[in-house]
Amino acid sequence: MPAPVPFLLGTLPTPIGTMLLVFDEDAALRALDWSDHEDRMRRLLRLHYGTAFALHEAPPPAVLRDPIDAYFAGDLGAIDGVAVRHNGTVFQREVWAALRHIPAGTTLSYGALAQRLGRDKAVRAVGLANGANPVGLVVPCHRVIGANASLTGYGGGLERKRWLLAHEGVALERGAVGGRQGMLDLG
């Protein structure tokens, strides 16, 4: 049996809760979640790496901490260059790569994302891949919404999804999908 891959686990305070960052020795992000969803994060790590990983506490390196802090301070593009590495199926990695091309302040429906991938009929599979994304925020699954502009599931909770979209300047109006929408109505 191979030795477990050593990953590092650090925390980062954010305006919407304590963030957990799992990264490797090269400071590539392997998982990102919120402390109140640590069980989910660990399930996703087991799903993608089996039991062949070990977590060791360490402070997040500046190459991860600084862009995330800048994002929350209003520099929405700061996280675009954060290095990520993840295991997943070829299809999941294809979906996750497409998520990184949804600009901040923009939303896309699951169907539109499936169309971008040239897989019009794979809406449900796109949704499942989105839900299995281990690197939320940096791989911005929160920017994917329902076809009727509804806020559908988000691993960090719908209130965080709502906050993140508002932070990015998105307003969700009935029937509005895609494009810049202004401010989100939190009411």
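Is Tyr71 buried or exposed? Select Tyr71 to find out: its relative accessible area is 0%, so Tyr71 is buried. Keep in mind during the tour that this is a predicted model.

**Overall confidence**

Colour the protein chain by pLDDT. The average is 87, and 91% of the residues score at least 70. Among the elements of the chain, the highest mean pLDDT, 98, belongs to helix α2 (residues 62–72), and the lowest, 89, to helix α1 (residues 38–49).

**The Phe7 and Phe53 pair**

Next, select Phe7 and Phe53. The structure holds five aromatic pairs, and these two residues form one that is stacked, with 6.2 Å centre to centre and 25 degrees between the planes. Phe7 sits in strand β1 (residues 5–14) and Phe53 in strand β4 (residues 53–57), so the pair ties together parts that are 46 residues apart in sequence. Phe7 is buried at a relative accessible area of 1%. Phe53, at 14% relative accessibility, also counts as buried.

Phe72 counts as buried, because its relative accessibility is 12% and the cut-off is under 20%.

**The cluster**

Now select Tyr49 together with Phe7 and Phe53. The three residues form one aromatic cluster.

**Last stop: residues 174–187**

Finish by selecting residues 174–187. Over this stretch pLDDT stays under 50, and the model has 39 contacts beyond four places in sequence for it. Where pLDDT is low, the predicted coordinates should not be read in detail.

Conventions
Residues are numbered from 1 along each chain as its sequence is written. This is a predicted model: local features need pLDDT of at least 70, side-chain atom pairs count only at pLDDT 80 or more; totals for chains, interfaces and linings use all residues. Side-chain values use heavy atoms; hydrogens and water are left out. Rings of Phe, Tyr and Trp (its six-membered ring) pair if their centres lie within 6.5 Å; planes under 30 degrees apart count as stacked, over 60 as edge-to-face and the rest as tilted. Helices (H or I, at least four residues) and strands (E, at least two) are DSSP runs, numbered from the N terminus. Buried means under 20% relative accessible area, exposed over 50%, partly exposed in between (1.4 Å probe, protein chains only). pLDDT is the predictor's confidence in each residue, from 0 to 100. Contact means heavy atoms within 4.5 Å.
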